Structure formats: structure tokens, C-alpha cells
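Could you walk me through this protein model?

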Amino acid sequence: MMEATDGEDLIRDSDQLIPPPNGGMNELLNVGQEDSIQGQMDEFLGPQAEYNEEEEERKYYRRKRLGVIKNVVSASVGAMIVYSVYMGLLQMQLILHYDMTYREVKYSNLGLEDIDKKMLMGINVTPIIGLLYTPVLIRFLGTKWMMFLASGIYALFVSTNYWERYYTLVPSAVAIGVAIVPLWASLGNYITRMAQQYYEYANYKEEHVQEQKKLPKGACHSYIIVFQSIFNIIFSLSFVFAELPMCLILNGYLQDKDHVLLNVKKCGAGISGVVPGFNTTVLTNLPRSMLLIQVESVLMGFAFLAMIIFLVLCGPAYRPTEEIDLRSIGWGNIFQLPFKHLRDYRLRLLCPFFIYSGFEVLFAIKGFSLSYGVCALGLKKLWLLVVVYGLSCSVFSSLSLCLLRLPRWLCLVGGAAVHVALLVALMVFSPEPRDQSYQGPLLVISVLWGLGTALNKTGVSTLLGMLYAEEKERLDFVYTIYHWFQAIAIFIVYLWSNLPMRAKLSILLATVLLACYCYWVMERRLARKVPYRLPRIPRPRHKVKGYRYLEEDNSDESDSEWSEEDDEEEKGEEDEEHVVEEMGAEDWEEGGHDAGAWGADSPRARRRGAEGNRQRRVGNPVREGERKEQEEG
């Protein structure tokens, strides 16, 4: 009995499993780690209590708006640097080449005088053909890259002055003539596009912005006014900085007024040409070659700085898909559209103002500053007159901000009124040569002329932006026409150099009066809601099928799969486009169509269009079958 009891005790003890040491503790730890990891994952992937989607969206679009302001300031500073370098170098170059001693000692048999004439001809004559290639260049390269390339051409002009020869100076001057109209058309387009983008980022919650539809009429006018004012305030400083080489370097080598004006008998309204009798030796001694190379190197550095500003700091004017759409309407259409836009009576009636805006700036720099200022005060005071004019333009450009509260005609008419009064006064004003007492009146005239220029420049650019603010696919054509007419004005000023001063003033006066009358007619027609004709922008036809257009077309479909009825329908659409081209833009929009919808259509609209195309293609065989049944019946 004792043995059996002991055996049962052993069996009972063996049935009880003895756990390993710390085993339970490890299992508890593993379970705790899994729970903590799961909690961290849920906390990471779950909704964040501190994340405010609306606040983050607001911050994002605020950064976008700051980026637009950065683009406007960068483009303005880049253009200001480019023209400061260009005008400063050209002025210094022409003064040095004018001096007979400089030409004979440094370039005895080179013929610098003849080179300068051909160089000025290249700069002033070449822009006449700018209307033929400017829209093609802008749409091929893009607005930003066109500004960058044009600034590079200006830098090329600076670099050719290291080796002054016919085969360097003349081709670079022709290249500048080619680049003038594209550069200015790109700048005008860019500033207006930035105003449109700023409106979109400021009103990102609006439905028409989210769906990339056409902007409401007048929605971004206030931004256009502000941005054009900022651009002109900054750019007008180029007249100030362009005089730094003259003021700091060249003035120390110039003869005084008694020498350079020795044979000048009269000035101002009574003369013909620029300054008859001006002495052919204007330098006391020749500047060192190394000094000129150092000045040109500094100017070259600033020209490269302008290129870097355009390249790095300026953002794109259009979205990538919009750039594709702008190019895809066909290069033939792009070539023709600037001419077709002249059917719009608004542009035709503004053409006299376009021409006058080119006249008056060149008259201030060349006509008034030389024939009145230098003729009376001497060559050493040229920089002072130009600096005062530039500062006046810059300061008074801020007056265009009054258009935020006042009617838009006030800016243009106000500038024209100032210039009319000055032109009448200049017709009877003939200062005496070598008379310092005329310095005060001449500086006052410079300030007032700068006031008129500021109101004119900002007024024309702002008016164009406001008239075509909702037509972003037309901006490059409109600004191309504007600056092409300015190029024609530059050519006319180049031709009239030897005319009597009163004849020049009479042409200016007649032009500004005609411009005011045409502008009044335009505003009256708009007030009476007279329809204007706008050429219809063709819809983009994309040959390359990619992810961007999968919603519209089947990228695997070949051209052979199109039926004859599809071709007929396509021809019908083309006929409809020709009909629409003869209608006013407002009538076309009232009829349920959008003249610029292809550039700003929403993804939802594209899907609807794609579905309609598919239904039409699928429905063609059905209609054909019904037609056959009717014939058999």
C-alpha cells in the first residue's frame, strides 16, 4: 500500500508541468510591445487632431501669392538691369566714337563713324519685321525663356565691345533689333499673367478657379493695375542707373561747354537736326583702354546677373499643359493671328497711342536732352537731365494706382494733357547756348515730361491688360501688336533726325491729339456696347498621345478607324469655326460658347467632351443601320 501511494504521488507530480523561468514575463512583454506599435501606427495613419486642412491650404496659397509677387519684382529688376547696361554702354560708346581724336588715334582706318551709323540702323530698322516672328518665338520658347534669351542677346551686345570691329558690332546690333519686340511683348504678357495668377491664388475657393474656367469680367483688373505700376516704377530706374558710367567715369574726360558749344549759334525750337555746330572733339584726353575694359566687364557682369534673375527667380507664366495647348493650334495660325487681331476696333483705335508712346520716350532722350539740354548746358550736364527724367518717371508711375478708384481714361488723358502743354511751350522755347541760367527751367521740363511718360506708359499697358484680362491665350498677340507699333515709331524717329525741331514737335502734337480722339471713340463705342470682332483661337490638335490626353481620345486608336461621317463632322466643326470668326466675342459667348475655353477648360468638361465623342462614334453605325432599313422598306 505504501508503494502504491508513492507511485501515485510521482505520477501526479509528473502531470504538473513546471514553467520555465521568466517565461510568463516574456509573453507579457511581447504583448505589450505589439500593443504599443499598433497604437503608434494608428496614431500615425489616423486623422491628426492637430492637422487643419483648411489652414494648410490657406498657407499653401499664401506662399503661391508671395511667389507671384517675387516673379513680378524679379522680372522688373531683370528688365531694369538689362536696359541700364544697354543704354549706359551705348551712350558711352557713341560719345567716344563721336570724338575725332579717339577715332584717329585708336581706330585710324576702321571707320568707326560708318560702323556707328550701320549699328544704329540695325537697332532701329530691324524691329519693323518683329510682327512676323514674335508670336512664333514666344509660343515656341515660352514667355519666361523668351525673356531669358532676349537678355542673353543684350549680353552678347555688351561682349562685342571688347573687340570693336564691323563684324562684331553690327551683327550684335541687328540681333538686338530682332530681340526688342519679343522681349517687350514677353514682359507685358508676363506681368499680366502674374496678375491673373494672383487672382486665382487669392480666390482659390471659387468654383470657376478650381475648374480652370474663364475668369469673370473685370475680376483681376485691380491686380493688373498694381503689377503694371510696380513694373514701371522699377523699370524707369534704368534711366538713372544707365547714367552711372557717364557720371562716374566719362565725365572726367569731357570738355567744358565753352569748347564743345563754341560754334553753336542757337538751340531749341529754332534749329534743324540735333545740335548743329557741335564740336567734333569732346574729350580732353583719351581714357585708358584698361579702364574701358574694366567698365565693360562690370556691365557684362550685370548683364549676366539679369540673365540669372530671369532664369532662376522668374517662374513660368503658364502651366505646362497650357504651354502645350498654346503651341498646338498650329504654327500657321500663330503666324496669322496677330494680323487677324487688328480686326478688333479696340486695338485699331489704340494704335496712335502705341505710336506716340514710342515717339515721346525717344524725344525725351534724344530730342529734348540733346537739342535743348546739351545745346544750352553742355555735354557734362546730359547725365543730370536723364537722371531727373528717370526719377520722375519712376516716382510718378505710382500715380497709376489711382485707377483703383478713378476711371481708367484718367491716366492716359492726364499724361497726354501734360505733354500737349509741354509741346506747345517747347515750340516757342529757344534757350541760348552756353547759358547756365536755363538749367532750372530745363530740369522742370524734364520732371514734367517724365510725369507724362509715366502716365502714358502705365496707362497703355494697364489698359491693354484690362481689355484682354480674361483672354489669356491672346495676350502675346496683343502685346506684340503694341510693341510692334512702338518699333515703327522708333524707325520714324530714326528717319526724322535732320528735320527742323518745330516739324518734330508738330508731328508729336498731331499724334497725341489723334491718339486722344481715337481713344475717346473707343471708349464711346464700348460704352454703347458696340460688338468687337475677335478671331477665334483654333482648338489645339495634339498629335502626340500621352497621359495628359487619355481622357479625350483613345491613344491606341489609329487614323484608319475614323469613319467618313467622322470626317464630315470634323469638316462641319471647321466650318463652324470660320463662322464664329466673323462674330463678336460677346455674341459668341452669349450663344453658349467660350472663345477661350480650350485654354482653361476643366477636367470635368474634358471628360464630358470625351464621352460625347465616344457616343458619337458609337452612334454612327446605329444611324447607318437605321438608314439602310428605311431604304429597304
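This is a predicted model: local features need pLDDT of at least 70, side-chain atom pairs count only at pLDDT 80 or more; totals for chains, interfaces and linings use all residues.

Residues are numbered from 1 along each chain as its sequence is written, and side-chain values use heavy atoms, with hydrogens and water left out.

**The overall layout**

The protein has 26 helices and zero strands; helices (H or I, at least four residues) and strands (E, at least two) are DSSP runs, numbered from the N terminus. Of its 633 residues, 49% are buried. Here, buried means under 20% relative accessible area, exposed means over 50%, and partly exposed is in between (1.4 Å probe, protein chains only). Take the contacts between residues at least 6 apart in sequence: 88% of them join residues at least 24 apart, where contact means heavy atoms within 4.5 Å.

**Two helices side by side**

Helix 18 (residues 382-396) packs against helix 20 (residues 439-467) at an angle of about 35 degrees, and their axes are 7 Å apart. Axes are lines fitted to C-alpha atoms, for helices over the stretch in contact, with angles running from 0 to 180 degrees between N-to-C directions. Residues making this contact include Leu 384, Tyr 389 and Phe 396 of helix 18, and Leu 442, Trp 449 and Leu 455 of helix 20. By class, the contact has 13 nonpolar, five polar and no charged residues. For that tally, Ala, Val, Leu, Ile, Met, Phe, Trp, Tyr, Cys and Pro count as nonpolar, Asp, Glu, Lys and Arg as charged, and the others, Gly among them, as polar.

**Rings and charges**

The whole structure holds 31 aromatic pairs. Rings of Phe, Tyr and Trp (its six-membered ring) pair if their centres lie within 6.5 Å; planes under 30 degrees apart count as stacked, over 60 as edge-to-face and the rest as tilted. Tyr 98 and Phe 278 make a tilted pair, 5.9 Å centre to centre with 50 degrees between the planes. Tyr 98 lies in helix 3 (residues 53-98) and Phe 278 in the loop between helix 13 (257-260) and helix 14 (289-313), so the pair ties together parts that are 180 residues apart in sequence. Tyr 98 is partly exposed at 34% relative accessibility, whereas Phe 278 is buried at 15%.

Elsewhere, ring pairs link Tyr 83, Tyr 86, Tyr 154, Phe 157, Trp 184, Phe 231 and Phe 235 into a cluster.

Charges sit over rings too, which takes NZ of Lys or CZ of Arg within 6 Å of the ring centre and within 35 degrees of the ring normal.

| Charged residue | Ring | Distance to ring centre |
|---|---|---|
| Lys 144 | Trp 145 | 5.7 Å |
| Arg 346 | Tyr 532 | 3.6 Å |

**A few single residues**

Gln 196 is found in helix 8 (residues 166-202) and is buried, at 1% relative accessibility. Beyond its neighbours within four places in sequence, the contacts of Gln 196 include Leu 215, Tyr 468 and Lys 472.

Arg 541 lies in the loop between helix 22 (501-527) and helix 23 (564-581). Arg 541 and Ser 328 are 213 residues apart in sequence, yet 5.6 Å apart in space, C-alpha to C-alpha.

Lys 529 is in the loop between helix 22 and helix 23. Lys 529 has a positive phi of about 60 degrees although it is not a glycine, and it is exposed at 68% relative accessibility.
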